[in-house]
Amino acid sequence: MTYVELHCHSAYSFLDGASLPEELVARAAELGYETLALTDHDGVYGSLEFARAAKDFGIRPITGAEVTLAGGAHITLLVESSRGYANLCRLLTAAHAGTRLPGREDRALLPPAIPLETVVELSAGLICLSGCARQGLGLRDPTATARLAQAFGRDRFYVELQRPFERGDTRRNRQLRDLAEHLGVETVATGNIHAHHPRRTLLQDVLVAIRSRTSLDGCEQERRGNRESVMRPPAEMIERFAGIDKAAAERTSAIAERLEFDLTQELGYRYPDFSDGPDPAIQQLAEVCSYAFAERYATSTAELHNRSRARLDEELNLIDELGLAGFFLLHWEVLELAREVALDVRGRDSPRRFLPPGRGRGSSVGSIVCYLTGLSHVDPVANDLSLGRFINRELTSVPDIDLDFPRDIREKLIVAVTERYGREHAALVATFATYRSRGAIRDVGKALGLPYAELERLARLTDGWNAGRVADEVAALPDADRKLMSRRWRAFQVLTGDISGLPRHISQHPGGMVISSRPLVELVPVQPAAMAGRQICQWDKDSCSDAGFLKIDLLGLGMLSAVEDCVEQIARLYGAPIDLSRIPLDDPAVFAEIQAADTVGAFQIESRAQMQSLLRTKPETIDDLTVQVALVRPGPIQGKAVHPYIEARRRLREDPSFVPDVDHELLREPLRSTHGVVVFQDQVLDVAIAIAGFTVGEAEGLRRAMSRKRSHAALESYRERFVSGAAGKSVDGETANRVYDKLVGFSGFGFPKSHAAAFGLLAYQSSWLRHHYPAEFLCALLNAQPMGFYPPASLVRDAQRRGVEVLPPDVNVSDARCSLAPCVSETQGLRWAVQVGLAYVASVGKDDAEALVAEREERGPFLDVADLARRAPLSRAALEALVQGGACDCFGEKRRDQLWQLGLVFRPQSVPGTGGQAKQLTLSLDPTVETPDLPDLTRWELMLADYRQTGLSVGVHPLELLRPHLPPGTLSSQELNDAKHGSDVAYAGLAIARQRPSTAKGIVFMLLEDELGQVNLIVPSQVYERHRAIVRGEPLLLIRGRFERVGENRNVLVATLESLSALARRVAEGDVAGSLPRAHHFGHR
Amino acid sequence: MHVDGSPRLVNRLLVAFVREEWRVVDRWWTDEPVNRRYFEVILESGQNTCVYRDAEAGCWFSQRA
């Protein structure tokens, strides 16, 4: 008889288990285990990942969990059968049901717990062990143990013995053996594994400290105290129990043999397939499509009508053949629900009521059925979009459908879907927050008791998502030698690497939902999310996909929210709503702006890289924009598609008869729309089919293998198939390999054409709104923050440069959100200016701002700051922020005077014991002392206060104030435009964006802004390494370098960087750097 | 010391019985790490005592049981 480990924790026992499931099974295989159980705390978060990995290593996985009972005692439950698994899922769901307090869902989780009687009720198909050495039920409550022993019966209940080499093991195990004898049940030995290897036990100690929110020194009681809760060879485990109860150790394999349930087999998941309706699902779907077809193609040409009808028939046949009618009907039903939600959210009279509630993203946009069921708004026939990737005859799993919604609709829709299908049948998919550099530095450093300031400095400097690189970063610190003399810092280096990638806690996926016709709570446990009405299942998208669950992605898209807000504002101001589906798609003025890269704020084409590309590609049509949004992505960049595409566009502008080069004539047709290069994901399929004779299914397999870069062996086997297939079409090996290399370079990081078409259209619509309704568009963008490439301050500066007037927040005029206010000028007559909303003021939340506006609307404008303080239900901090942020400038008094007066105002106080219901009124007395003569704020102070309090300033730019003090020869952005190519220049600006793409070999791209415009910087990697702290942390910079002009693109290749913070501090006589907004960072850190 | 690492003699007295063994590996992050194997033993004299082998120091110590 050998030993089987029946009690083992992975890192999915959050902040307790120190090893990933893969590490556990790899180690178990190495030590000679044939079977292994995973019993994480109150969950099966990692069970499917574990089961799949175990099978790869030839180990039989056992599913289980260590469950916390009401009162805190633990029991170990192991799954014997499918029924047992369903019961375990129900038990875990029940355990988590009370972890969020109603109305306080966002607070910290309460510990999961389950009543003993629920376990009794759902005991079928499970084997129960009496729990661990420290918190096991067997020790804590022998009476309750007896109750469970009776419920499970002597063949399914065991008293659990452990030997963690703690003081008291002997007595405890004797006690437990006595209990087993008394209950007439047998004992079983377990190891309570928390790490796969002894060296990982240090991390286990650290995890306990993090969980206890203290240092290692502060959690001695909670820590294990030695390195014995580690996976040991089976023989050693039997030996460990030799003097205690050897039979208990040997019994493990007999129990394991009974635990036959296999999580990797069919779980019985079915999505609602509409098979219970009066007609077959395919007929229901055909009816829905036919109805919509008649409406959508009523006015189309006969040719389009016929092609579309043929495409619809073809798709319906394919859908019927694949048995996917229910799948489409389910999505249609969700979208119908979204329509109802949209009507509710937007209001039945809102101008937004004409807009579709959401739009498709990804490959679903290529389907006419999706178009007719409302899942996408792009006509795939008119736009020549292929269906290939979405559904094909070789499909092995259900396709994904991604739907984008404005945020407000999405918020309600998630709850509505849960309620529509029932809380037992629908839940959000989980994600697991894993440790990256900053989290690892802060958490591990705090546990080790390292100085907070040093950790923060390191966290700010850290340069990567991968916490495994923190050790090198510590070694590169100027005082590394001194630091590394300390054991704590040495341990820090090792442990930040160990913790890298380990899950820290469960969180909710941005919008993925699973819906099941069989109760989902019998397939995977479900627990409440941190937002009211939402619940999440315990598996992430990979586990859900492995289990064959259908995931519907309901995604929130900030730009959709902004566009809707903009449409609503326009309708309100001008009396007539605009229908974005009917705007001209070839507006020359809009394309002129796009071609000039005047696109700050436009969807997808606003980034620094996109702007530089726009100046060279010069998009002229909506199709060009479709390519454009897909072009500046890692796939086309690594696939070496960008420069040939740009060059082809240039040549075509000069000579419309120019024919772009292709690697082989067979590729000319599949790559025609992108001038001979691979820009879209679907083209990977098209190329593989055209040049190597792949079937659609094979090509899709290649695309999937590419999106999983780890599967190098799989990619190479596809190469062989690709080259041999190409040879069959008379393509030489060198060409085939070159094409294949480009496809691999493209990898998975590209858009499908259909996705790009949806995004390209939104890019155009947003550009159109930006051009024709600049004030309304800016207002909508400010209200939809956070989103996009630029911080609000830069959006405002850009709009101001284009003639939009922006007004500061004003307690007597502003709404809670940004709004549009009439503004009359002598030259332009009545125009609309953007009035910054009160919620933009720091410390004033949306609720506070709305309460202030309600008070103003009910009882009239505020007379002065004292009146405001008495009437508005705001905290003193919020009132001070309003004054400092300029929202009280309307009272005509200096900000310092108003702050002084604010300090003297008597405000109504709550009567103690009334919970704030009763207020003690104040006497309307004037202050007894005069306001002293306080100096007014300087221009610097006013500007910095604006930035500090609202994140933006509508007044003077910091560079305008700093310019007279800059070193001679420092150019402005405007002067830089006239500089000679190759000349040495100096430039000063405010950093607004910083980008370090993983494809750029360490080069950092920065965008700086001054009072006149923006300037692009290229910071070579060696310059970045030399000035890393300045690049990453300083807002005001003086750079020197070489000015480069390529076509219309202008860059400065940076040689040196200096911080201007000290100069600004001297000039402003105060802290400047700390008040200015931090640059947005994108990509690799 | 026996092959399994338990003590054979304590203060020149034979160990009659090992009542319990436990291990402490702690404070590894400090300059004074602890790595000890404790034994609570009964000596042939009938005396109950506690000894530990300190892996850091490489020697045995006794303490009151």
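**Loop between H33 and H34 of chain A**

I looked up Pro786(A) and placed it in the loop between helix H33 (774–783) and helix H34 (792–801) of chain A. Helices (H or I, at least four residues) and strands (E, at least two) are taken as DSSP runs, numbered from the N terminus. The model is predicted, and local features need pLDDT of at least 70, side-chain atom pairs count only at pLDDT 80 or more, while totals for chains, interfaces and linings use all residues. Residues are numbered from 1 along each chain as its sequence is written, and chains are lettered from A and ligands numbered from 1 in the order in which they are written.

I checked the peptide bond from Gln785(A) to Pro786(A) and found it cis, with omega near 5°. I noted for reference that most residues other than glycine have a negative phi, and most peptide bonds are trans.

I then turned to Tyr790(A), which is also found in the loop between H33 and H34 of chain A. Tyr790(A) counts as buried because 24 other C-beta atoms lie within 10 Å. The cut-offs are 20 or more other C-beta atoms within 10 Å of a residue's own for buried, 12 or fewer for exposed, and partly exposed in between, with C-beta atoms placed from the backbone.

I listed the contacts of Tyr790(A), leaving aside neighbours within four places in sequence: Val600(A), Gly601(A), Glu606(A), Leu795(A), Ile992(A), Ala993(A) and His1080(A). Contact here requires C-beta atoms, placed from the backbone, to lie within 7 Å. For Tyr790(A) and His1080(A), 290 residues apart along the chain, I recorded a C-alpha separation of 6.9 Å.

Lys618(A) sits in the loop between helix H24 (608–617) and helix H25 (622–631) of chain A. Lys618(A) counts as partly exposed because it has 19 C-beta neighbours inside 10 Å.

Arg12(B) lies in the loop between strand E1 (9–10) and strand E2 (13–26) of chain B. I recorded Arg12(B) as exposed, since 6 other C-beta atoms are within 10 Å.

**Chain B overall**

I counted zero helices and five strands in chain B, and the order from the N terminus is β-β-β-β-β. The C-alpha trace of chain B spans about 40 × 20 × 15 Å along its principal axes. Of its 65 residues, 17% count as buried. Among contacts in chain B between residues at least 6 apart in sequence, 29% join residues at least 24 apart.

**Contact between the chains**

I found that 15 residues from chain A and twelve residues from chain B make up the contact. On the side of chain A that touches chain B, helix H7 (169–183) and helix H20 (487–499) are the elements that give two or more residues. H20(A) supplies the largest share of that side, three residues. By class, that side has five nonpolar, three polar and seven charged residues. The classes are nonpolar (Ala, Val, Leu, Ile, Met, Phe, Trp, Tyr, Cys and Pro), charged (Asp, Glu, Lys and Arg) and polar (the others, Gly among them).

**Helix pairs in chain A**

I followed H20(A) to helix H16 (residues 437–447) of chain A: their axes come within 10 Å and cross at roughly 130°. This angle makes H16(A) oblique to H20(A). Axes are lines fitted to C-alpha atoms, for helices over the stretch in contact, and angles run from 0 to 180 degrees between N-to-C directions. Angles under 35 degrees count as roughly parallel, over 145 as roughly antiparallel, 65 to 115 as roughly perpendicular and the rest as oblique.

In this pair, Ala440(A), Ile441(A), Val444(A) and Gly445(A) of H16(A) meet Phe492(A), Leu495(A), Thr496(A) and Ile499(A) of H20(A). The contact has six nonpolar, two polar and no charged residues.

I also examined helix H28 (residues 681–692) and helix H31 (residues 733–746) of chain A, whose axes come within 11 Å and cross at roughly 165°. H28(A) is therefore roughly antiparallel to H31(A). Val684(A), Val687(A) and Ile691(A) in H28(A) meet Ala736(A), Val739(A), Leu743(A) and Phe746(A) in H31(A). I classed the residues of this contact as seven nonpolar, no polar and no charged.

Technical notes
Contact = placed C-beta atoms within 7 Å.
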